[in-house]
Amino acid sequence: MSATIDYLLHLADNAVVLGQRDAEWCGHGPILEEDLALANVSLDLIGQARLLYQRAAELKGDGTTEDQLAYFRDSQAFRNYTLLELPHHGALVGYAVADRDYAATIVRNFLYSALMVHVWDALQTSADSTLAGIAAKSLKEATYHLHHSRDWLVRMGDGTDESHARAQAAVNHLLPYTEEFWTVSPAEAAAVEAGVGVDVRSLRGAWDALVNDALAEATLTRPQVRGYVPQGKVGLHSEHLGFLLAEMQSLARAHPDGCW
Amino acid sequence: MYTQSFNVPDQAGQKTVAVTPSTEDAELMARFDARIDADGRIEPQDWMPEAYRKTLVRQISQHAHSEIVGMLPEGNWISRAPSLKRKAILIAKVQDEGGHGLYLYSAAETLGTSRDQLLEGLHSGKAKYSSIFNYPTLNWADVGAIGWLVDGAAIMNQIPLCRCSYGPYSRAMVRVCKEESFHQRQGYEALLVMMKGTQAQRDMVQDAVNRLWWKCLAMFGPPDADSPNSAQGMRWGIKRISNDDLRQKFVDATVPQAKVLGITLPDPDLKWNEARQHYDYGQIDWQEFWDTVEGNGPCNKERLATRVKAHNDGQWVRDAAQAYARKQQERAMKEAA
């Protein structure tokens, strides 16, 4: 039971953190159509997070709610990939301020949705039938997110000199964070053991094929990945998640007895 | 969401377009007038007097700009929404406003003005948007109060526009009004829930209403006596109900809702007038309204600068899309050759 809960929290935290990030574009998109598209992606992710938290809360069976899981856990308890909590710009420390770069947004959404189309596909046969149902719904959404981000990745890579340079910089910055996809956390191992989760390592070939194909069409180069392998999914995050959660959780925590 | 009535001129002191076309072909004009008199629709391919076209472009673009600028005050709370459900509702709502902007820009484009030209008008400060968005959203209840009051006021303004004489605008307004009316109920429901919560939450609701109430009354535009351009709008079927009549309708509808909610509307003169069968209300501060319209509200500079920055920062993205489309076209032509 607890293996399933931990695994659900990993999936839910991924969705809520990226949903929070993508919503930052609302009102600031590069063109109105993209403003709407990013809001859509964010809505899908928040929706996924809600269903996953609700299932985790149900399994906990102690009256926990989706909002307690999203708003009243600290950053160390979050189990999302580090990739998803990064701000929409290049490598900077947690309290640095910089303009959002749409290339970073698109590349991140691409790298993540290219994984999630395979994850959700596999989870359709999860031993947890509620998760299997969520997976079937989420697969449709992730397929759209992949379509959207891949289209823009190709446009940027094969667009102007500036867009190519920005897209390449974003790929160089973000691709190393995907190394975390292929490590197996204790929660994932337990969920695989219970027939609830998917062994991400089995998806690597399919993910590589999607990524290589898109980068080639975008005339972008896949960098050699070396260095630090992030561990967000075991609760060791970047400096950025604390700020994201401080903002997201501030109102709910200021009024813990409030009803909304 | 929010047309502020088109008798707010583009630039302070500038008069609206000439009312009587002097050089138009009399026969075309007669046909146009007959269609308007018969409550028919004017479509993009139809002949129309230049003044009608200009007035519509200005009104529709003001409306579209209001939708886009209007994303910012509510967008201010997306990252801090206090529950996932409210976050999803708010994102969807702000996204709806963006969608309204999109089809209103499209409606304006049918009159021969491109989106780029319309945006240039906004960014240069030449075109106006609803002044209600030049006030800050200072607590979470502002989100609900905007839905209830601002969207509520907008609906009063906009429902008559579903019968507006210009076909594309009237059809866009049908959908806009459906969504706005949903937003209004959603906003009211959010406030009802807060009123059942803690004292701090009830205080938030009252605070938001205190700040927004008078601004919402002003949204309907200047009193009829000071709206010299309304007559032409009425004649053309672009404006259907006068500012003061709409304002009264809004007050009459809102007072009972405020009672159910359990908040006080910040007007000591607000009371039922048995003889008029309407609520009387106090004096609107028009000086403050015009100050804000003219650029001196608390958020005018931030709102506009944020739109300009988003547009400028996004230039390379739009350029990339165009460059890629050109390359694709060239490739296709090469293949065909």
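Before the first residue, one definition: a residue is called exposed when its relative accessible area is over 50%, buried when that value is under 20%, and partly exposed in between. The model I am showing is a predicted one.

Take A:Tyr95. Its relative accessibility is 68%, so A:Tyr95 counts as exposed. A:Tyr95 sits in a loop of chain A, between α3 (66-71) and α4 (102-123). Together with A:Val93 and A:Phe243, A:Tyr95 makes up a nonpolar patch on the surface, and the accessible area of the three is about 370 Å².

Another loop residue in chain A is A:Gln224, found between α8 (204-217) and α9 (240-254). With 71% relative accessibility, A:Gln224 is exposed because the cut-off is 50%. A:Gln224 is 48 residues from A:Pro176 in sequence, and their C-alpha atoms are 8.6 Å apart in space.

Now a buried residue. A:His10 belongs to helix α1 (residues 2-23) of chain A. Its relative accessibility is 5%, so A:His10 counts as buried. Which residues does A:His10 touch, leaving aside those up to four places away in sequence? They are A:Arg79, A:Asn80, A:Tyr81, A:Glu188 and A:Lys233.

Next, salt bridges. Over all chains, the search of the whole structure finds 36 of them. One pairs A:Arg21 with A:Glu24, with 2.7 Å between the closest N and O atoms. A:Arg21 is buried, at 8% relative accessibility, whereas A:Glu24 is partly exposed, at 24%.

A second salt bridge joins A:Asp74 and A:Arg253, where the closest N and O atoms are 3.0 Å apart. This pair links distant parts of the chain, 179 residues apart: A:Asp74 is in the loop between α3 and α4 of chain A, and A:Arg253 is in helix α9. A:Asp74 has a relative accessible area of 44% and is therefore partly exposed. A:Arg253, at 32% relative accessibility, is also partly exposed.

In chain B, salt bridges link B:Glu74, B:Lys93, B:Glu97 and B:Asp151 in a network.

On to the interface. How many residues does each chain bring to the contact? Chain B gives 50 residues and chain A gives 49. Interface size is often stated as the accessible area that is lost when the parts come together. Here the area buried between chain B and chain A is about 4100 Å², with carbon and sulfur atoms giving 68% of it.

There are 17 residue pairs in polar contact between the two chains, counting pairs with both residues at pLDDT 80 or more. On the side of chain B that touches chain A, helices that each supply at least two residues include α7 (167-195), α8 (199-218) and α13 (315-336). The most comes from α4(B), with 14 residues.

The rule finds four salt bridges across this interface. One of them is between the side chains of B:Arg331 and A:Asp158, at 2.5 Å from N to O. B:Arg331 is partly exposed, because its relative accessible area is 35%. A:Asp158 has a relative accessible area of 7%, so A:Asp158 is buried.

Last, two backbone angles in chain B. B:Asp39 is not a glycine, yet its phi is positive, about 60°. B:Asp39 lies in the loop between α1 (26-37) and α2 (50-69), and is partly exposed at 40% relative accessibility. B:Gln277 has a positive phi near 60° and is likewise a residue other than glycine. B:Gln277 lies in the loop between β1 (271-273) and β2 (278-280), and at 43% relative accessibility counts as partly exposed.

Technical notes
Residues numbered from 1 in each chain as written. Chains lettered and ligands numbered in written order. Predicted model: local features only at pLDDT ≥ 70, side-chain atom pairs only at ≥ 80, totals over all residues. Heavy atoms only, no water. Patch = residues over 30% accessible without salt bridge, like charges linked within 9 Å, V, L, I, M, F, W, Y side chains within 5 Å. Areas by Shrake-Rupley, 256 points an atom, 1.4 Å probe, with all protein chains shown as cover. Helix = DSSP H or I, 4+ residues; strand = E, 2+ residues; numbered from the N terminus. Buried < 20%, exposed > 50% of the residue type's maximum accessible area, 1.4 Å probe, protein only. Contact = heavy atoms within 4.5 Å. Buried area = accessible area lost by both parts, 1.4 Å probe. Polar contact = N/O pair within 3.5 Å; in protein donor to acceptor, adjacent residues only side chain to side chain.
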